[in-house]
Amino acid sequence: MRVCVIGTGYVGLVTGACLAHIGHDVVCIDNNEEKVKIMKAGQSPIFEPGLSEIMQGAIQSGRIEFSTDIAAGVAHGEILFIAVGTPPLPNGESDTRYVEAVARSIGANLNGGYKVIVNKSTVPIGSGDWVRMIVLDGLAERQKQLVTAGSGPAERLPEVADFDVVSNPEFLREGSAVYDTFNPDRIVLGGNSPRAVALMKQLYAPIVERQFAENKTAAPVPVLATDLSSAEMIKYAANAFLATKISFINEVANICDRVGADVTQVAKGIGLDSRIGSKFLNAGIGWGGSCFPKDVSALIHTADDYGYEAQLLKAAVSVNERQRLIALEKLQQALKILKGKTVGLLGLTFKPDTDDLRDAPALNLIEQLNRLGAKVKAYDPIVSQTGMRHGLSGVLVETDAERLADGCDALVLVTEWQQFITLDYNKMAKLMSHPVIIDGRNFLNPQDMEKAGFQYIGVGR
Ligand code: NAD
Ligand code: UDX
């Protein structure tokens, strides 16, 4: 099938590359020329395991192209994905200006044949109908321009726009985005057009049938067809539930700290109850990233708009805000005065296997440590290697963990990168002024760390 993906970030590029990999003919559009240049050269502008390989295979097979030309993309695609960002506004509302710009351009470039316009961006509830309206506005504006310019009927756009809007929320996780795309738990299709939903099912059939899955004999992926608003709500509700689950275990961890219980054992004990499940019960320094914080805030905002106070979600956010400073509290307990001390951060990204620093807990920690007069250093496997500094200030980025440890009064493990398990902690402890380690992810073995000479402090254990 002919597909156009507009917006090639973490979601759009993975979607485009994976759809090309399973046999579709994909054009990826982005208005960032630099990004398009990198992608045309067969490279991924983001760090995402397995993505470059999939991209290169798709380029070689001629099934993917990259361009800034949205008109050409719209002309190419029978299925048009909108996958641009929907970042938070200062009041927590979702900023839909990029979705609006793309929907308007789609309208202005509609070329006659039937199209399915797919909202893959996470958009406020009600956006499906709104996108339809913007597309029609874009079409009408372009028609007017063409008539004013005196264009002949052949150059004019179709009088009646033939398209449907489908909401197809994305559930991939950064760091395992390619895996998640080929092994989804479900596919949600929201919309009231049987024709559009049938085309979407055809598009995803190889994934639904597990042809590219790790376990090819597993049952087909459930496809849930819903109305537009329910599909949009499913995305917000899923993220809000997972974020609340983490805030819950973080609250339990804080109580464990006070009563002397071990939250890692408690999480195991409750997670074995199949009604609860063991996933997303890792206590630590709180949830971050480009999705949970903004999506929970946007849902709270939507509720507010409709006269409902989302009390549980507000509590999940406030537990998280406090949790993101738990390492600071523990540093103050261990070192007392932080002014003039040097703190080393192991990891900067909001989770391992990504280069994404959006809303990373490390950023809050750096800001607060600076405010209290501490010097902050960091080592992160990706940030240190790529020299990427986007959004980072007030921190000296070191090239390896031992240089990081050198002269530090304490270390804080912020991100649970796998390679942090096998660092030479004996050597690192000796290089430090005070061998204290706050394990913000309960990732290291407390006994091993103590043997290496560290005072080990976890979260709720
Ligand atoms: P991103 O910021 O990584 O990428 C967005 C891309 O859109 C950028 O490359 C940008 O240049 C491009 N863009 C912006 N305006 C454009 C325009 N007018 N024309 C063409 N391209 C344009 O964003 P992301 O993380 O991929 O998220 C995209 C959407 O998917 C968001 O709504 C997000 O909430 C949702 N989502 C993200 C994730 C995730 O893990 N990142 C997971 C699920 C859903
Ligand atoms: C999330 C959703 O999981 C995904 O379905 C959605 O499409 C996008 O948002 P992502 O943000 O990539 O994915 O990462 P995720 O693995 O969910 O982690 C989010 C945050 O929660 C991270 O900061 C992580 O460290 C934290 N987390 C996660 C915990 O603190 N404890 C856990 O048990 C799990």
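Trainee: Contact means heavy atoms within 4.5 Å. With that in hand, which residues of H11 meet which residues of H12?

Mentor: This is a predicted model, to begin with. In H11, the residues are Val296, Leu299, Ile300 and Asp304. They meet Leu313, Lys314 and Val317 of H12. By class, this contact of H11 with H12 has five nonpolar and two charged residues, with no polar ones.

Trainee: At what angle do the axes of H11 and H12 cross?

Mentor: At roughly 150°, and the axes come within 10 Å. H11 passes H12 in a left-handed crossing.

Trainee: What about H9 and H12, how are they packed?

Mentor: H9 covers residues 228–259 and H12 covers residues 311–323. Their axes are 9 Å apart, at an angle of about 55°. H9 and H12 are therefore oblique to each other. The crossing of H9 past H12 is left-handed.

Trainee: Which residues make that contact?

Mentor: From H9, take Ala240, Thr244, Ser247, Asn250, Glu251 and Asn254. From H12, take Leu312, Leu313, Ala316, Val319, Asn320, Arg322 and Gln323. By class, the H9 contact with H12 has six polar, five nonpolar and two charged residues. Leu313 is listed in this contact, and Leu313 is also listed in the contact with H11.

Trainee: New topic. How many aromatic pairs are there?

Mentor: The count comes to five. One of them is Phe280 with Phe292, a tilted pair with 6.2 Å from centre to centre and 55° between the planes. Phe280 is in the loop between helix H10 (263–271) and helix H11 (292–305). Phe292 is in helix H11, and the two are 12 residues apart.

Trainee: What do the ring pairs link together?

Mentor: A cluster of Phe280, Trp287 and Phe292.

Trainee: Where is Arg210, then?

Mentor: Arg210 is in the loop between helix H8 (194–208) and strand E8 (223–226).

Trainee: Is Arg210 buried or exposed?

Mentor: It counts as buried, at 12% relative accessibility. The cut-off for buried is under 20%.

Trainee: What about Asp359, what is its phi?

Mentor: About 50°, which is positive, although Asp359 is not a glycine.

Trainee: Where is Asp359 found?

Mentor: In the loop between strand E9 (342–346) and helix H14 (361–371).

Trainee: How does Asp359 count by relative accessibility?

Mentor: Asp359 counts as partly exposed, at 37%.

Definitions and conventions:
Residues are numbered from 1 along each chain as its sequence is written. Chains are lettered from A and ligands numbered from 1 in the order in which they are written. This is a predicted model: local features need pLDDT of at least 70, side-chain atom pairs count only at pLDDT 80 or more; totals for chains, interfaces and linings use all residues. Side-chain values use heavy atoms; hydrogens and water are left out. Axes are lines fitted to C-alpha atoms, for helices over the stretch in contact, and angles run from 0 to 180 degrees between N-to-C directions. Helices (H or I, at least four residues) and strands (E, at least two) are DSSP runs, numbered from the N terminus. Angles under 35 degrees count as roughly parallel, over 145 as roughly antiparallel, 65 to 115 as roughly perpendicular and the rest as oblique. A crossing is left-handed if the near helix is turned anticlockwise from the far one by less than a right angle, and right-handed if clockwise. Ala, Val, Leu, Ile, Met, Phe, Trp, Tyr, Cys and Pro count as nonpolar, Asp, Glu, Lys and Arg as charged, and the others, Gly among them, as polar. Rings of Phe, Tyr and Trp (its six-membered ring) pair if their centres lie within 6.5 Å; planes under 30 degrees apart count as stacked, over 60 as edge-to-face and the rest as tilted. Buried means under 20% relative accessible area, exposed over 50%, partly exposed in between (1.4 Å probe, protein chains only).
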